[in-house]
Amino acid sequence: ASSFARMFVQVCLYFYCKCLWRCLKFVVRKLTGRCELQRICYNTKPGAARTMKIEASLKGSKSKRLQTSVSVHPDAIEKTIDDIMELKRINPDINPQLGVSLQACLLQIVGYRNLIAEVEKLRREPYDSENPQHEEMLLKLWKCLKPNSPLKGRISKQWCEIGFQGDDPKTDFRGMGLLGLYNLVYFAEWDTEVAQQVLCDSLQPKYSNVWIFFPLPSQFSKAEWEKKKFDKAIGYSFAIVGINITDLAYNLLVSGALKTHFYNVAPEAPTITHFQQTFCYLMHEFHKFWIEEDPLDIMEFNRVREKFHKRILKQLQNPEMALCPHFAASESLINM
């Protein structure tokens, strides 16, 4: 009986708040002469803060046409904007900038949904050793990471040198499918110097050399860093960790956490390239984080990964946050 009463109160409270909120919106519109979409666009600067408010407003609208506007085809966005303006009784000639602002927001919102679908498709496609394109990408990964060490055979223990578990890497892609391979190849091809250094550190780390590519952990000066006697390896398999960080990036994307970042760095629709650049950023940030954490061995990987995940999530809670790229592959994002 008590649980039923509690549920009844919650339902009543929900409908009361919903009705109260709609009444408040109506009053504010009458007082300002502007609908909620206008107030958001005029009072919030471009980026994640504006786009996320527009998205919430459209999804929470009582109009089905507005609710479905966040999932239209990109080619239908212009017509959708016209429909919104008509439905809200907004004169486009008097408010020309509103249409431009709404279009930019919808491109980001729809683009994010489409990016999830594109990434999901890659994740679900298994690696096929009979597919020449898949094999070509795998060999490219080796050539980018080990340009001076020819691969002696497609099936070889050499694959362990770049962090795969056995002599045939295809078995390691099961969890993330082609997405894991695409990300690793992008990192190795477009940010080669850092990728090779991370690989080198993971195998035979020279901790005193890490500062060349990455800022020193805050608790160490350069002198203290070089004085330390590091007898153990950093202790992780480059390729396996890359696939694991792909999983982390994928979950950030699907959960919506990456909206903050993408809405701030992509002026229109975020693309697969934005996702891959984010992966590169996460890879080199995780590498620094792993060193700072100084784990005893690989058995602490899950603990360190979870802690790193929480750090990134906390950063992305800031609506002005853009995961700051420090690598060649993402320099173009700075000027977007």
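Which residues are linked in a network of salt bridges? They are Glu-293, Glu-300, Arg-303 and Lys-307. A salt bridge here is a side-chain nitrogen of Lys or Arg within 4 Å of a carboxyl oxygen of Asp or Glu.

Before going on, some housekeeping. This is a predicted model, where local features need pLDDT of at least 70 and side-chain atom pairs count only at pLDDT 80 or more, while totals for chains, interfaces and linings use all residues. Residues are numbered from 1 along each chain as its sequence is written, and side-chain values use heavy atoms, with hydrogens and water left out.

Back to the charges. The salt-bridge rule gives a count of 17. Take Asp-83, which pairs with Arg-65 at 3.8 Å, N to O. Arg-65 sits in helix H4, residues 64–67, and Asp-83 in helix H5, residues 77–87, so this bridge ties together parts that are 18 residues apart in sequence. Helices are DSSP runs of type H or I with at least four residues, numbered from the N terminus.

Asp-83 also forms a salt bridge with Lys-79, and there the closest N and O atoms are 3.2 Å apart. Both of these residues lie in helix H5, four residues apart, about one turn of the helix.

How open are these side chains? I call a residue buried under 20% relative accessible area, exposed over 50%, and partly exposed in between, using a 1.4 Å probe and protein chains only. Lys-79 is exposed, at 54%. Arg-65 is partly exposed at 44%, and Asp-83 is partly exposed at 22%.

Next pair: Arg-311 and Glu-292 form a salt bridge, with the closest N and O atoms 3.8 Å apart. It links distant parts of the chain, since Arg-311 is in helix H14, residues 301–316, and Glu-292 is in helix H13, residues 272–293, 19 residues apart. Arg-311 is partly exposed at 35%, as is Glu-292 at 27%.

Now the core. In soluble globular proteins, nonpolar side chains tend to be buried together. A nonpolar core means buried Ala, Val, Leu, Ile, Met, Phe, Trp, Tyr and Cys residues joined through side-chain atoms within 4.5 Å. The largest one here has 82 residues, and those with the most contacts inside it are Ile-54, Leu-141, Leu-181, Phe-275 and Leu-282. It draws at least three residues from each of domain 2 (34–124) and domain 3 (137–317), with bounds from an automatic or database domain assignment.

Finally, what does Leu-282 touch? Leaving aside residues up to four places away in sequence, its partners are Ile-245, Leu-248, Ala-249, Leu-252, Phe-308 and Ile-312, where contact means heavy atoms within 4.5 Å.

How values were computed:
Helices (H or I, at least four residues) and strands (E, at least two) are DSSP runs, numbered from the N terminus.
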